[in-house]
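This report goes through one structure feature by feature.

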Amino acid sequence: MRKRKVSFELAIFESLDALSSEDRDLMKRAMEARKGAYAPYSNFQVGAAVLMDNGKIVLGNNQENASYPSGLCAERVAIFQAGALYPGVTVRAIAISATSKSYVVGQAAAPCGNCRQSISEYEIRQGSPIKIVMMGEIGEVLACDSIADILPLAFDRSYLE
Ligand code: THU
């Protein structure tokens, strides 16, 4: 038996102000996007902003459904929209922000497992990393350089060949 340590570097910024101007602008767009969320069941509004290599920013927010599993997270709404609008264009980064009608979200919103898997598909397909920048409504901002950092041992197309 041998062991391999899998680790990654998480950047922790005290606030939005500590980010680079590119990341801060992207996060501001994600915060803006939260306003369009349709979240009457969870009261948890998530916004996502995807930065493309052509400079375009594509937004998404969570869209819930009375049949709960039919709803979709903000990150997937955004990345699927990016793929639909700009096929073949590399995705550089995604910023995610969350707020709630019930409490002040001070914890950075990390993408759920399904969203990590979906973002991973784009990262592998394009062959370059997608930066993930995460925030709540207030507080620290977390960032990692690649979705692979937070989805190690991902299931990918290599299993299907
Ligand atoms: N949600 C997201 O939009 N992104 C995530 O990564 C986690 C959860 C949404 C789904 C649902 O509308 C609400 O947050 C509560 O789970």
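## Terms and basis

A residue counts as buried under 20% relative accessible area, as exposed over 50%, and as partly exposed in between (1.4 Å probe, protein chains only). By this rule Phe-80 is partly exposed, because its relative accessible area is 37%.

The model is predicted: local features need pLDDT of at least 70, side-chain atom pairs count only at pLDDT 80 or more, and totals for chains, interfaces and linings use all residues. Residues are numbered from 1 along each chain as its sequence is written, and side-chain values use heavy atoms, with hydrogens and water left out.

Helices (H or I, at least four residues) and strands (E, at least two) are DSSP runs, numbered from the N terminus.

## Aromatic pairs

Rings of Phe, Tyr and Trp (its six-membered ring) form a pair if their centres lie within 6.5 Å; planes under 30 degrees apart count as stacked, over 60 as edge-to-face, and the rest as tilted. The structure holds three such pairs. In one of them, the ring centres of Phe-80 and Tyr-122 are 6.4 Å apart and the planes stand at 35°, so this pair is tilted. Phe-80 belongs to helix 2 (residues 74–85) and Tyr-122 to helix 3 (residues 113–126), so the pair ties together parts that are 42 residues apart in sequence. Tyr-122 is buried, at 14% relative accessibility.

Another pair is made by Phe-155 and Tyr-159: the ring centres are 4.8 Å apart and the planes are at 10°, so the pair is stacked. Phe-155 is partly exposed at 44% relative accessibility, while Tyr-159 is exposed at 54%.

Tyr-122 also has a charged neighbour. A charge sits over a ring if NZ of Lys or CZ of Arg is within 6 Å of the ring centre and within 35 degrees of the ring normal. Arg-125 lies over the face of Tyr-122, 5.6 Å from the ring centre.

## Around the ligand

A residue is near a molecule if one of its heavy atoms lies within 4 Å of it. The residues that surround the ligand include Ser-42, Phe-44, Val-46, Cys-73, Ala-110, Pro-111 and Cys-112. Asn-62, Glu-64 and Glu-75 are also among them.

These last three residues make polar contacts, meaning pairs of N or O atoms within 3.5 Å; within protein, one atom must be able to donate a hydrogen and the other to accept it, and residues adjacent in sequence count only if both atoms are side-chain atoms. The side chain of Glu-64 has an N or O atom 2.5 Å from a ligand oxygen. For Glu-75, a polar side-chain atom is 2.8 Å from an oxygen atom of the ligand, and for Asn-62 the corresponding distance is 2.9 Å. Taken alone, the ligand exposes 370 Å², and the protein buries 74% of that (Shrake-Rupley method, 1.4 Å probe; for residues, only the protein chains shown count as cover).

Contact here means heavy atoms within 4.5 Å. Gly-47, in strand 2 (residues 44–52), is buried at 0% relative accessibility. Not counting residues up to four places away in sequence, Gly-47 touches several residues, among them Ala-30, Ala-33, Gly-60, Ala-74 and Ile-96. Ser-120 lies in helix 3 and is buried, with a relative accessible area of 5%. With the sequence neighbours up to four places away left out, Ser-120 touches Ile-147, Leu-151 and Ala-154.

Ser-100 lies in strand 4 (residues 91–100) and is buried at 12%. A polar atom of the Ser-100 side chain lies 2.9 Å from the backbone nitrogen of Ser-102, and the side chain reaches the backbone nitrogen of Tyr-103 at 3.5 Å.

## Positive phi angles

Which residue in the loop between helix 1 (21–33) and strand 2 is of interest here? Asn-43 is found there, and has a positive phi of about 55° although it is not a glycine. Asn-43 is partly exposed, with a relative accessible area of 28%.

Leu-153 also is not a glycine and has a positive phi of about 55°. Leu-153 sits in the segment after helix 4 (147–150) and is exposed, at 74% relative accessible area.
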